Amino acid sequence: MSDTPASVEDLFDEASGHVALGELPEAIALYRRCVAQQPDFFEGWHALGMALLRNGEIKEAIGAGMMATTLQPNDLLAWTALSQMYVANKQIAEAEDAKGKARILSLGGKVVR
């Protein structure tokens with residue numbers, strides 16, 4: 001066994017395995033390590049946000065969701081997820097705005113940030 005730190009990809013895969021088993025706290029800890037190690041890792045932020053949302057940590061989920069949309073402003077799923085997070089936090093205006101951006105993308109448009 002080597003002392004080299006796990007790669008972001010390995011951490012992400014391990015975290016995703018925990019999600020599949022319903023082990024959200026374990027997954028969240030690993031996704032956090034992913035984005036700490038590679039702050040521009042879109043998939044890590046997106047997955048972290050979804051895991052936090054499923055675990056009831058809504059405000060933190062919104063923060064992760066916002067990072068995902070900042071990193072990839074034209075990602076349909078990121079905006080859809082952020083809309084769901086805002087709905088869960090009863091931020092309806094923000095949810096509608098995010099949903100609108102997702103709709104623009106679904107029709108082939110672009111979101112300018």
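Predicted model: local features only at pLDDT ≥ 70, side-chain atom pairs only at ≥ 80, totals over all residues.
Reader: Happy with that! How many helices and strands does the chain have?
Author: Helices (H or I, at least four residues) and strands (E, at least two) are DSSP runs, numbered from the N terminus. Read from that end, the elements go α-α-α-α-α-α. The count is therefore six helices and zero strands.

Reader: What radius of gyration does the chain have, and what would a compact globule have?
Author: The C-alpha trace spans about 50 × 25 × 20 Å along its principal axes. The radius of gyration is taken over C-alpha atoms, and the globule rule is 2.2 Å times the number of residues to the power 0.38. For 113 residues a compact globule would be near 13 Å, and the chain agrees with that at 15 Å.

Reader: Are helix 1 and helix 2 roughly parallel or roughly antiparallel?
Author: Good one to take step by step: axes are lines fitted to C-alpha atoms, for helices over the stretch in contact, and angles run from 0 to 180 degrees between N-to-C directions. These two axes come within 8 Å and cross at roughly 160°. Angles under 35 degrees count as roughly parallel, over 145 as roughly antiparallel, 65 to 115 as roughly perpendicular and the rest as oblique. Helix 1 and helix 2 are therefore roughly antiparallel.

Reader: Is His 18 buried or exposed?
Author: His 18 sits in helix 1 (residues 8-20). Leaving aside residues up to four places away in sequence, His 18 touches Glu 23, Glu 26, Ala 27 and Leu 30 (contact means heavy atoms within 4.5 Å). Buried means under 20% relative accessible area, exposed over 50%, partly exposed in between (1.4 Å probe, protein chains only). At 17% relative accessibility, His 18 is buried.

Reader: What is the handedness of the crossing of helix 2 and helix 3?
Author: Helix 2 (residues 24-37) and helix 3 (residues 42-54) pack at about 155°, with axes 9 Å apart. That makes helix 2 roughly antiparallel to helix 3. A crossing is left-handed if the near helix is turned anticlockwise from the far one by less than a right angle, and right-handed if clockwise. For helix 2 and helix 3 the crossing is left-handed.

Reader: How many nonpolar, polar and charged residues are in the contact of helix 4 with helix 5?
Author: Helix 4 (residues 58-71) and helix 5 (residues 76-88) have axes that come within 9 Å and cross at roughly 155°. Among the residues that meet are Ile 62 and Met 66 in helix 4 and Trp 79 and Leu 82 in helix 5. Ala, Val, Leu, Ile, Met, Phe, Trp, Tyr, Cys and Pro count as nonpolar, Asp, Glu, Lys and Arg as charged, and the others, Gly among them, as polar. The contact of helix 4 with helix 5 has 11 nonpolar, two polar and no charged residues.

Reader: Last one: what is the relative accessible area of Lys 90?
Author: Lys 90 is placed in the loop between helix 5 and helix 6 (92-106). Its phi is near 60°, a positive value in a residue other than glycine. Lys 90 is exposed, with a relative accessible area of 70%.

Methods
Residues numbered from 1 in each chain as written. Heavy atoms only, no water.
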